[in-house]
Structures are given as C-alpha cells and as structure tokens.
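Please look at the sequence and the 3D structure shown here, and then read on for a walk through some of its aromatic rings.

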Amino acid sequence: MSQLRIFDEAQPQSALAEYRDHAAIARELGKVGVRFERWEASQPIEPGASQDEVIAAYRGDIDRLMAEKGYQSVDVISLTPDHPDRATLRQKFLSEHTHSEDEVRFFVAGAGQFTLHINDKVYDVLCEKGDLIGVPDGTPHWFDMSESPYFVAIRLFTNKEGWVAQFTGTDLATRFPRMTPLPLP
C-alpha cells in the first residue's frame, strides 16, 4: 500500500503525519508541488514484457505527460533481487541529490521509496504498483529500492541523456528510515 510519512528534518525518529489513502497522499504532495497520480494499464502486461509492450500499455498517460511537460524520452527500468549490481545501483541513489529536470517515475510493478527534502520537512513516499511520482527539478531527494529490490518503472526525461544527479553533500539521508524489502508477488 502506498504511504506518505512527513517528518521534521531534525526529528527522523517520529513522523509528524502519515497517510495511506492515495487521494490524501496526492493532496499533501501537491501542496509542495509534487505530482502523485494513479495509472491503470490499457492492456494486460505479462511478466517479462518488453520495454515496448510496457510503454504501449500506458501510452495514453505517457503521451499526456509528454505533451503537458515537454518530456523528450521514455524508457523502462527493471530491477530484481538477484541482479548482480543491485548493491551498487542502490548506493548510487541513496545520497541526497537534485536534478536539473523533473524526476518522473511510474511503478508498473514492485515498489520504491522516494524521500524528498523540502524546506524544513522530509516527505517519505513509498510508491507501489500503479503510482506515478513527479519530483520537480531542483528538489533535494533520495531514492531507496531496499537491499532486495523489485520494481519495474517507466521513466520520463526532458534530457535525452537521462538521469543526471547533482549531489548536495549532506548526510541527511543517512538519518531517515530506509525501505524495508517487500514480499515478491
């Protein structure tokens, strides 16, 4: 189940608020300029589907966002607990960073945890199958896929070269809860 926990940046041990209702999560994130939507596939997606098949199943929503926000490219990333580079890939995203473009992810399967640092608050968002999150450019954040990652996600980019991070150099991300591995389907 999708979840949003909001913390004071100086109090990582206890959340100020917690939400599990999708509409409430979207409302709270919308207040700080973060997009949170629910998408449904237009056709069934079989396990092991190709990138083209996954994109085709969500083409309507993808095209809507590309037209609305000017995204130039789309791809699909998939990670499983047996991926040989899972620890290295996880480490790449765990430190607080920003991007010069929006970071948009739609979870086709599995889950991931985006944690956003906005003003003096930390917004910890567990995204699961069906969730789209759009983190505005320049927003400090980090991403955790757990020690045992499992997700398939559609990514939309403005920059055709894709994901480029600028790390903030703070250790804030180390003070907040990490993602707990979820059971595999």
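Is F176 buried or exposed? F176 is buried, with a relative accessible area of 5%, where buried means under 20% relative accessible area, exposed over 50% and partly exposed in between, using a 1.4 Å probe and protein chains only. This is a predicted model, in which local features need pLDDT of at least 70 and side-chain atom pairs count only at pLDDT 80 or more, whereas totals for chains, interfaces and linings use all residues. Residues are numbered from 1 along each chain as its sequence is written, and side-chain values use heavy atoms, with hydrogens and water left out.

Rings of Phe, Tyr and Trp (its six-membered ring) pair if their centres lie within 6.5 Å, and planes under 30 degrees apart count as stacked, over 60 as edge-to-face and the rest as tilted. By this rule there are 9 aromatic pairs. One of them joins F7 and F176 edge-to-face, at 5.4 Å centre to centre and with 75° between the planes. Because F7 lies in strand β1 (residues 3–8) and F176 in the segment after β11 (166–167), this pair ties together parts that are 169 residues apart in sequence; strands are DSSP runs of E of at least two residues, helices are runs of H or I of at least four, and both are numbered from the N terminus. F7 is buried as well, with a relative accessible area of 2%.

Another pair, W39 and F106, is stacked, with 4.7 Å centre to centre and 25° between the planes. W39 lies in the loop between β3 (35–38) and α2 (51–57) and F106 in strand β6 (residues 103–118), so parts 67 residues apart in sequence are tied together by this pair. W39 is buried at 3% relative accessibility, and F106 is buried at 0%.

Finally, ring pairs link F93, F107, F114, F143 and F151 into a cluster.
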